[in-house]
Amino acid sequence: MGAEVVIEGLTKSFGRQTIWRDVTLTLPPGEVSVMLGPSGTGKSVFLKSMIGLLKPDRGKCVINGVDIVRCSEHRLYETRKLFGVLFQDGALFGSMNLYDNVAFPLREHTKKSETEIRRIVLEKLEMTGLAGAEKKLPGEISGGMRKRAGLARALVLDPEIILVDEPDSGLDPVRTTYISQLFLDVNTQIDATFLIVTHNINLARTVPDNLGMLFRKELVMFGPREVLLTSEEPVVKQFLNGRMDGPIGMSEEKDSATIAAERAMFEAGHHAGGVEEIEGIPPQMQPAPGMPVRQGAIRRKDRVMQILHTLPPAAQQGIIDSLSPEEQARYGVHPRRRDQQPTWDQTVETAPVTGHHGQLPQDQIAQLPRTGGRRRSDQGPGGA
Ligand SMILES: Nc1ncnc2c1ncn2[C@@H]1O[C@H](COP(=O)(O)OP(=O)(O)O)[C@@H](O)[C@H]1O
Ligand SMILES: [Mg+2]
């Protein structure tokens with residue numbers, strides 16, 4: 001199972017410019033999480049901070065007991081080996097063929113024989129749908145193939161955590177969906193913890209187990225996908241619908257006068273862009289047929305059901321509705337009628353805490369337990 005990443009109060013600035021502050025969240029082990037955010041909100045800076053390429057000013061980022069913000073260079077070097085990173089452009093060496101690109105980390109960081117390296121490289125190329133393309137140069141293949149090669153290379157050292165920066169950049173919507181399918185399939189096969197940063201709405205709606213959003217130098221929210229997908233928070237709604245109507249502006253956030261002026265314009269009939277408002281929670285993409293069961297999805301279901309009572313009602317409803325009747329019976333929940341709060345039996349309240357927890361969101365969504373032993377069952381949504 002992939003590693004858990006616990007981030008607390010993380011703050012990063014360059015000189016006097018704060019990029020984001022007090023980011024607190026936990027990436028549950030082996031689950032797929034997506035971080036959304038408009039361009040320039042510091043998503044790439046966030047990924048680089050997680051692997052210690054950039055040094056945050058304050059806060060913690062703890063992986064397997066090591067806080068990479070404060071640890072020694074040696075510890076950082078060791079901890080970095082847990083990560084596989086897929087950079088925005090694939091970051092392949094242009095003069096090396098795909099085989100040598102994918103073999104590079106093995107030749108650089110291990111003492112494996114060329115026979116062993118060959119076995120691993122061909123396995124990862126196969127896994128990413130690139131079997132037979134090993135002699136090609138990066139310049140000879142499509143953008144989608146370059147990204148898959150970048151992923152193959154990120155996989156060769158058996159990472160526990162995979163970070164992906166804007167997998168859709170330069171790809172059409174169909175190729176973006178194919179690469180998303182590949183992430184879910186890889187997650188199923190190796191059970192690594194995934195964090196994908198993107199501003200792609202389709203990907204955010206259909207791929208992750210957990211969804212977060214950075215905006216105005218803060219983590220607006222982070223939690224089970226259903227929380228953001230049913231959120232009434234204006235910035236989240238605006239972003240998920242890709243519209244001009246809302247707090248996010250052309251190059252930065254808008255002031256309240258601009259929001260009001262634009263509101264009047266949209267109310268008078270000017271098209272705010274985006275497609276028609278999408279309501280509800282679309283089904284999550286699944287591993288390809290023939291794949292084993294995704295262990296992260298099973299653990300996630302247990303984890304989310306344990307914190308269900310702390311989530312906003314719309315998210316609770318969506319989660320309960322997504323369960324089969326057998327699962328609803330097993331977890332002791334009942335789909336509610338429109339006029340009711342959801343209900344659950346004692347079995348859910350007293351279920352054993354597995355020690356894996358989700359997120360510590362800021363505002364109106366509930367907090368999840370910080371430690372395995374401590375439950376916050378008495379605090380509903382909005383609890384501190
Ligand atoms: N090494 C750096 N030095 C100074 N400023 C930087 C550096 N890297 C990024 N920034 C700034 O941090 C902000 C966030 O950048 P980035 O993380 O690339 O945004 P995103 O990936 O969300 O589009 C930008 O204003 C950018 O100019
Ligand atoms: Mg970026």
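# Close-up views of the predicted model

**View 1. Helices α3 and α4 cross in the right-handed sense.** The model shown here is predicted. Helix α3 spans residues 98-109, and helix α4 spans residues 114-127. Their axes lie 10 Å apart and form an angle of about 125°. The two helices are therefore oblique to each other; angles from 65 to 115 degrees would count as roughly perpendicular, and those over 145 as roughly antiparallel. On the α3 side, the contact is made by L98, Y99, V102, A103, L106 and R107. Helix α4 answers with I117, I120, V121, K124 and L125. By class, this contact of α3 with α4 holds nine nonpolar residues and two charged ones, with no polar residue.

**View 2. Helix α3 also packs against helix α5.** Helix α5 covers residues 143-155. The axes of α3 and α5 come within 7 Å and cross at roughly 30°. Angles under 35 degrees count as roughly parallel, and α3 and α5 are therefore roughly parallel to each other. Their crossing is right-handed. From α3, the residues in this contact are L98, N101, V102, F104 and P105. They meet A149, A152 and R153 of α5. The contact of α3 with α5 divides into six nonpolar residues, one polar and one charged.

**View 3. Ten named positions are grouped around ligand 1, among them K43 and S44.** F14 and I19 belong to the surroundings of ligand 1. So do G37, S39, G40, T41 and G42. K43, S44 and V45 complete the list. Helix α1, residues 43-50, gives the most to this shell, with three residues. The shell around ligand 1 has six polar residues, three nonpolar and one charged.

**View 4. Six strands form an open sheet with mixed pairing.** The strand order is β6-β7-β8-β3-β9-β10. Strands β6 (83-86) and β10 (218-224) stand at the edges. Each has a single partner strand, so one side of each is left without a neighbour in the sheet. On average, neighbouring strands of this sheet are turned by 15° against each other, direction ignored.

**View 5. Strands β9 and β10 pair in the antiparallel sense.** Strand β9 runs over residues 210-215. Six bridges join β9 to β10. One bridge links F215 to E218, its partner in β10. Strands of a sheet pair through backbone hydrogen bonds, either parallel or antiparallel.

Definitions and conventions
Residues are numbered from 1 along each chain as its sequence is written. Chains are lettered from A and ligands numbered from 1 in the order in which they are written. This is a predicted model: local features need pLDDT of at least 70, side-chain atom pairs count only at pLDDT 80 or more; totals for chains, interfaces and linings use all residues. A residue is near a molecule or strand if its C-beta atom, placed from the backbone, lies within 6 Å of it. Helices (H or I, at least four residues) and strands (E, at least two) are DSSP runs, numbered from the N terminus. Ala, Val, Leu, Ile, Met, Phe, Trp, Tyr, Cys and Pro count as nonpolar, Asp, Glu, Lys and Arg as charged, and the others, Gly among them, as polar. Axes are lines fitted to C-alpha atoms, for helices over the stretch in contact, and angles run from 0 to 180 degrees between N-to-C directions. A crossing is left-handed if the near helix is turned anticlockwise from the far one by less than a right angle, and right-handed if clockwise. Two residues are in contact if their C-beta atoms, placed from the backbone, lie within 7 Å. Two strands pair if DSSP finds at least two bridges between them.
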